[in-house]
Amino acid sequence: MKNAAEIAADQVNEAGGLEVGGKKYRVEVVAYDDKYQANEAVTVANRLVFEDKVRYVIGPVGSAPVLAIQPMTEKNKVIVMTLGFTAKALAADKPFTFRPNVTTAEVSQPQIDWVVKSQGLRKVGALFPNDETGQQIALDLEAAYKKAGAALSVKEFFERDRVDFVPVLTRMMARGIDAIELDGNSPTTAGLIVKQARELGFEGRIVRTGGPATQEIVNVAGKAATEGMLVHTPMDPELPATKAYAERYAAKYKHSMNGFSPAFYDGTNMLFEAMRRAGTVEDTDRVRAELEKLDGFEGSLGKLSWTGKAMYGINHQLNAPFYVAEVKDGREVIRARCTVEGCR
């Protein structure tokens with residue numbers, strides 16, 4: 001997310017600055033690490049708002065951190081672009097929070113319908129971190145698998161610093177599952193789960209219906225263990241706009257981007273466009289109003305707009321295309337193209 005915001009800032013700065021209301025501004029990215037912890041998020045958000053005088057925040061990543069900072073950011077009218085998957089992040093009484101990435105709630109049902117039908121899945125096991133993010137995703141997935149005609153029949157919760165999953169995987173495999181769901185886990189944790197499951201002899205499907213992190217999982221688990229894994233991806237790497245962003249990212253940072261990166265590059269650019277249309281960088285009420293109006297915005301992921309009124313009470317959830325890919329030789333190969341209506 002930090003890198004995505006930096007690239008968006010670089011582009012407007014290289015063009016002479018962000019032109020708003022007849023004045024050009026140089027964009028600066030001020031970054032702090034909240035360590036995925038609510039208390040750290042409150043500390044750094046206070047520093048950003050009250051010491052650095054920041055009016056726009058890209059982040060935080062986690063659900064618990066965004067819920068922790070919202071009382072302060074909403075009161076001070078600070079626009080927040082969060083990745084937090086919790087349904088509680090977006091609400092009518094939180095008008096300054098937006099989510100520029102699709103979440104499990106948006107993508108799970110269409111993808112799971114397709115995966116269950118195409119792979120003939122019946123009993124699925126899953127491991128989730130024992131926190132707000134994991135608990136929310138577990139609820140979403142359980143409902144989605146049931147609706148698709150399968151069952152999330154084995155659920156295990158663990159603390160985020162755990163690295164040995166052999167006992168829980170052994171227990172899950174003994175229940176006769178035909179797939180393991182990875183959604184809700186960090187890339188490193190997901191990689192460890194895949195590696196250890198294959199070492200234990202699990203031969204079923206491994207599925208990740210949210211949280212794009214294929215390259216990181218392959219790096220941890222290896223190509224052999226991840227072969228055939230079915231994963232959510234929010235991007236088509238062959239789309240010219242996505243390809244151009246991926247190339248720019250790799251040139252700047254000397255490694256491949258994470259799957260969430262284009263969403264936050266687009267989200268930052270949508271924020272810049274809202275400032276241009278509002279004619280102000282200071283009045284976040286006006287910027288927020290213009291941000292809400294953006295429709296058909298041409299981003300690196302394609303045409304973007306906002307949705308979410310029915311689910312969250314406010315249209316602050318990004319509406320973007322997404323895909324199901326199969327991992328072949330360590331790389332994603334798109335197998336289904338999806339919208340919130342379904343995959344085909």
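1. In this predicted model, strand β11 is joined to strand β12 (residues 302–307) by three bridges, and the two run antiparallel.

2. The β11 and β12 pair belongs to an open sheet of three strands, ordered β11-β12-β13, with antiparallel pairing. β11 (297–299) and β13 (317–319) are the edge strands; each has a single partner strand, so one side of each lacks a neighbour in the sheet. On average, neighbouring strands of this sheet are turned by 45 degrees against each other, with direction ignored.

3. Strand β10 (residues 230–233) pairs with two strands, taken in turn here. With strand β9 (residues 205–208), the pairing of β10 is parallel and rests on two bridges. Within that pairing, V207 stands opposite L230 of β10.

4. With strand β14 (residues 322–328), β10 pairs in the antiparallel sense, over four bridges. L230 has E326 as its bridge partner in β14.

5. Are the residues on the two sides of β10 buried or exposed? Both faces of the strand are covered. L230 and H232 lie on one side, V231 and T233 on the other, and all of them are buried, which here means under 20% relative accessible area.

Notes
Residues numbered from 1 in each chain as written. Predicted model: local features only at pLDDT ≥ 70, side-chain atom pairs only at ≥ 80, totals over all residues. Heavy atoms only, no water. Buried < 20%, exposed > 50% of the residue type's maximum accessible area, 1.4 Å probe, protein only. Pairing = 2+ DSSP bridges. Axes fitted to C-alpha atoms, helices over the stretch in contact; angles between N-to-C directions.
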